[in-house]
Amino acid sequence: MSPVFPMLTVLTMFYYICLWRRARTATRGEMMNSHRPIESNSRTSPLKAEVVQYAKEVVDFSSHYGSENSMSYTMWNLAGVPNVFPNSGDFTQTAVFRTYGTWWDQCPSASLPFKRTPPNFQSQDYVELTFEHQVYPTAVHVLETYHPGAVIRILACSANPYSPSPPAEVRWEILWSERPTKVNASQARQFKPCIKQINFPTNLIRLEVNSSLLDYYTELDAVVLHGMKDKPVLSLKTSLVDMNDLEDDDYEEKDGCGMDNLNKKFSSTALREGPNNGYFDKLPYELIQLILNHLTLPDLCRLAQTCKLLNQHCCDPLQYLHLNLQPYWAKLNDASLEFLQARCTLVQWLNLSWTGNRGFISVAGFSRFLKVCGSELVRLELSCSHFLNETCLEIISEMCPNLQDLNLSSCDKLPPQAFNHVAKLCGLKRLILYRTKVEQTALLSILNFCSELQHLSLGSCVMIEDYDVIASMIGAKCKKLRTLDLWRCKNITENGIAELAAGCPLLEELDLGWCPTLQSSTGCFARLARQLPNLQKLFLTANRSVCDTDIEELACNCTRLRQLDILGTRMVSPASLRKLLESCRDLSLLDVSFCSQIDNRAVLELNASFPKVFIKKSFTQ
């Protein structure tokens, strides 16, 4: 054969590699100079047959700042055409996640991180959007109107949510990803990352965000999907090399492959035979275990294939005391759980957050796993695990007698009656029910039987009829409570606050943000300050009645205060804030956004006097 042909083959391979690497190395700086919005929800360019469409519907998300019964600051604002863009500022018509910065990691309610989390997995929240037409994506534009830079991953799904028949296979592909990066601007922008080409059409897009580097809540206005109806000429299937093997840094594909082949890797018996294992034969068993403790789960899978000695170490249940499967949500399925089963008989911490959706994990598969691996469980994270039903909670209550920490955050598809089973977990110390459909009767039963609770989150639980009754039960039964989240509870009054403050003197963290029925004139906030001297975090967000008297009571009685949010009050002056800052030397966060008496000049003066405190003053243009 002529030597020309091999040379052409090599050049062709090099050309495709260059194209692929260029598509993978997009930066956040790639933005449009023009803010001209697209005129319609969906249109087609006649030259390239490109379809351009806004999101039709928001189908899933992990958290939002807004209420479940309104549109203000909710993820549902991402559907349709822009409401705010190209304007900048804080607007209620945008989508806002619940947290920002590192403040939530510094609260008494913060959980310890899981070991073995891949360093490149840094997603904190997500939102999934559907579009009218399935297309081969050519671009995804995110319209950010306030504090941009939170989006770190964009994924596409092969499943069509509007198809009448379920797909035979569901695949997620990463279109673009990047580590969290500080954006030194709060103005609006149209974020246009350079995305990877995929070989299937999609109308389901997922954004994952990390807000840890932001100075305030990020606000998203709309998402625009560009794509072709017909498959482009250049696709992954035409490549001459396996793109997954080119970049070892890309944890999404490297670790994804590891989880994809979890069954085969763990069950393989084709291990290398040899006369000895080199220096590993001379090392103590415990030392090898300690070394392997630094590997991620997919790396353990790979290492198990090298020799019998390391296979024995990689399959030792002591390697799986803390098992974080959240980073592999896009690949984890029943088969993965089945082959992990034998190695997880001693597991104590288990994170299945975000996993199992769209049929990846069945109720039967989850039940089989817990029946083998639940006896030693102390901590179970199940945030946004929509495969859960009443049977699953019943299995948890029966198979996990030692459970102390249960997170059901945003499991909004769980039926109300399912929560009755939680009351059987009498040893619970931490319970997260944010954005669930727990009802009052079930919650009262939980509080009655779970008297060891130290951390309780009831934020955005809209099915509870009377929060005063709940607060009274908490005060009577949960004497050890240290943190309580009542974010957006709709009807708690000064009576409930009085019962709470009298019965839970150990409280260090209390979130009463967006509780409209609390009024400072009743003395409820002053009572809190006098009876809860250990308070480190207090959120009174959007309570316009908070006044100077309340701030002065906090200054006198709550000297350990670290975080205070009084966004929206009209009755607090710079003088009382100065007293607070002088008294509370550990204060690190003070949100005075939209406080009418606190102007920018006052904030600058306070910042100059107390430079260690982050004083936030938001604005609207």
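Buried, on this tour, means under 20% relative accessible area. Keep that cut-off handy, and remember that the model you have open is predicted.

Stop 1: Select Glu 144 and Arg 189. Their side chains meet in a salt bridge, at 2.6 Å from N to O. The pair links distant parts of the chain: Glu 144 belongs to strand β5 (residues 125-146) and Arg 189 to strand β8 (residues 189-191), 45 residues apart. Glu 144 and Arg 189 are both buried.

**Stop 2: another strand pair.** Now pick Glu 381 and Arg 430, a salt bridge whose closest N and O atoms are 3.1 Å apart. Glu 381 sits in strand β13 (residues 379-381) and Arg 430 in strand β15 (residues 430-432), so this contact ties together parts 49 residues apart in sequence. Here, too, both Glu 381 and Arg 430 are buried.

Stop 3: Select Arg 171 and Glu 173, whose side chains form a salt bridge at 3.1 Å, N to O. Arg 171, at 27%, counts as partly exposed.

**Stop 4: the network.** Highlight Glu 128, Arg 153, Arg 206, Glu 208 and Arg 358; salt bridges link them in a network. The salt-bridge count comes to 24.

**Stop 5: the largest cavity.** The cavity holds about 70 Å³ of space, and the structure has four cavities of 30 Å³ or more.

While you're here, zoom in on Trp 354. Its phi is near 70°, a positive value in a residue other than glycine. Trp 354 lies in the loop between β12 (349-351) and α8 (363-373). It counts as buried because its relative accessible area is 4%.

**Stop 6: the largest pocket.** Go back to Arg 430, one of the residues that lie nearest the centre of the largest pocket. Select Asp 105, Ser 111, Gln 124 and Asn 407 as well, which are also on that list. How many residues line this pocket? There are 43, around a volume of about 1,400 Å³. The elements giving two or more residues to the lining are β13, β15, β16 (455-457), β17 (483-485) and β18 (509-511). By class, the lining has 13 nonpolar, 20 polar and 10 charged residues.

**Stop 7: two backbone spots.** Jump to Arg 488, in the loop between β17 and α12 (494-503). Arg 488 has a positive phi of about 60° although it is not a glycine, and with a relative accessible area of 16% it is buried. Then select Phe 85 and Pro 86, joined by a cis peptide bond with omega about 10°. Pro 86 is in the loop between β3 (57-61) and β4 (95-96).

**Stop 8: out to the surface.** Finish with Phe 280, Leu 283, Leu 287, Leu 290 and Ile 291, a nonpolar surface patch with about 410 Å² of accessible area together. Phe 280 lies in the loop between α3 (262-267) and α4 (285-292). With a relative accessible area of 35%, Phe 280 is partly exposed.

Definitions and conventions. Residues are numbered from 1 along each chain as its sequence is written. This is a predicted model: local features need pLDDT of at least 70, side-chain atom pairs count only at pLDDT 80 or more; totals for chains, interfaces and linings use all residues. Side-chain values use heavy atoms; hydrogens and water are left out. Patches are made of residues with over 30% relative accessible area and no salt bridge: like charges are joined within 9 Å, nonpolar side chains (Val, Leu, Ile, Met, Phe, Trp, Tyr) within 5 Å. Accessible areas come from the Shrake-Rupley method with a 1.4 Å probe; for residues, only the protein chains shown count as cover. A salt bridge is a side-chain nitrogen of Lys or Arg within 4 Å of a carboxyl oxygen of Asp or Glu. Helices (H or I, at least four residues) and strands (E, at least two) are DSSP runs, numbered from the N terminus. Buried means under 20% relative accessible area, exposed over 50%, partly exposed in between (1.4 Å probe, protein chains only). On a 1 Å grid over the protein atoms alone, a cavity is a set of points where a 1.4 Å probe fits but cannot get out, and a pocket is an open set with protein on both sides within 12 Å along at least five of seven lines; lining residues have an atom within 4 Å of a point. Grid points are joined across faces, edges and corners, and a volume is the space filled by probe spheres set on the points. Ala, Val, Leu, Ile, Met, Phe, Trp, Tyr, Cys and Pro count as nonpolar, Asp, Glu, Lys and Arg as charged, and the others, Gly among them, as polar.
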